[in-house]
Amino acid sequence: MRRVKRPRGNFHQTLAPSLFLLPNIAIFVLFIIIPAFQGLYMAFTDWSILGKPKFVGLKNYQRLLNDRVFGITVKNTLVYCFFTVVFITVLALLLALMLYKNKLKGEKAFRSAFYIPSLMSMITVGIAWRFILGDEMGIINYMLRSLGGEGVRFLTDLNLAMFSVIFVSIWAQAGYYMVIMISGLQAIPEELYEASKIDGATGLQAFFDITLPLLKPTILVVMVLATIVSFKAYELINVMTGGGPGFVTKMIVQQIYQVAFTEDRMGYAAAMSTFLMAIIGVFTLVQFKISGRSEDYE
């Protein structure tokens, strides 16, 4: 059987697209790949900014196992990530279902209202909510005291601080993931819903038999993105609580920053960073497995 030669194409079809990609590839390698490998090497060294790196092997990782504060930050990060991701995913899905296909009057206005917080920087969000939830100058506590009640220590109470941070994180991010959910709903063929109506299926049955199965890839994307963002949480928490009271809201990223730039232990901070990267990778793989759709993304 005679083999048919594929046309190789001219310069504009083959080499030109590659040349346009070169600047992005160069930036990615220079600012992502090379620093990543440098960070991995630093994790095996004892190094301060003004000194020379000294190779210490696995000592930094052994120190991590006995670091009580780092253990607390890991636990706090896992709790924060779990509740933030779960509630963001559920809320984003509910908002998307509510605002899809003009099911609510003023749909565009509501979409904008829910999406606008995601356009704000986390520092701005943290400052705004600190004025709302603050102990002394907070608007809510001011109103409670003016009515003769007692103030609520949203940001300094051991039991309320983490809840407050999680609530504000969900408020700030749900609108962004709502838009992703709406795009996933728009990709579902309308003929499937029409066929389900003909078969006598109720709206709830159509949701579980059609919407939810076909929306699984979109839900997976939302969960993965929300997980990565949650593990990297820094600005919002730093502005609202500073990691307090005590270590109640202190996350891994805050501890990495403190160890690296306050205590000047760059090698130990690099070990923490690689540990954080490994946790994110494990959580992402678990989400792929749970979704049952990991083979679609390989």
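Figure 1. From the N terminus on, the elements run α-β-β-α-α-α-α-α-α-α-α-α-α-α. That gives twelve helices and two strands. Helices (H or I, at least four residues) and strands (E, at least two) are DSSP runs, numbered from the N terminus. The model is predicted: local features need pLDDT of at least 70, side-chain atom pairs count only at pLDDT 80 or more, and totals for chains, interfaces and linings use all residues. Residues are numbered from 1 along each chain as its sequence is written, and side-chain values use heavy atoms, with hydrogens and water left out.

**Figure 2. Overall dimensions and surface of the protein chain.** The C-alpha trace spans about 70 × 65 × 35 Å along its principal axes. The radius of gyration is 24 Å, while a compact globule of 298 residues would have one near 19 Å. This radius is taken over C-alpha atoms, and the globule rule is 2.2 Å times the number of residues to the power 0.38. The accessible surface comes to about 18,700 Å². Carbon and sulfur atoms hold 68% of that surface. Areas come from the Shrake-Rupley method with a 1.4 Å probe; for residues, only the protein chains shown count as cover. Buried residues make up 38% of the 298. Buried means under 20% relative accessible area, exposed over 50%, partly exposed in between (1.4 Å probe, protein chains only). Among contacts (heavy atoms within 4.5 Å) between residues at least 6 apart in sequence, 65% join residues at least 24 apart.

**Figure 3. The largest pocket and its lining.** The pocket holds about 760 Å³ of space. Of its 25 lining residues, Ala36, Ser273, Thr274, Leu276 and Met277 are the closest to the centre. On a 1 Å grid over the protein atoms alone, a pocket is an open set of points where a 1.4 Å probe fits, with protein on both sides within 12 Å along at least five of seven lines; lining residues have an atom within 4 Å of a point. Grid points are joined across faces, edges and corners, and the volume is the space filled by probe spheres set on the points. Helix H1 (15-42), helix H11 (252-262) and helix H12 (266-291) each supply at least two lining residues. H12 gives the largest share, ten residues. By class, the lining has 18 nonpolar, six polar and one charged residues. Ala, Val, Leu, Ile, Met, Phe, Trp, Tyr, Cys and Pro count as nonpolar, Asp, Glu, Lys and Arg as charged, and the others, Gly among them, as polar.

**Figure 4. Ser196 in helix H8.** Helix H8 covers residues 190-198 and includes Ser196. Ser196 counts as buried because its relative accessibility is 10%. Beyond its neighbours within four places in sequence, Ser196 is in contact with Ala201, Ala206 and Ile210.

**Figure 5. Ser291 in helix H12.** Ser291 has its place in H12. At 16% relative accessibility, Ser291 is buried. Lys216 and Leu220 are in contact with Ser291, leaving aside neighbours within four places in sequence.

Figure 6. Asp135 is buried, at 18% relative accessibility. Not counting residues up to four places away in sequence, Asp135 touches Asn141, Arg145, Val152, Arg153, Phe154, Leu155 and Thr156.
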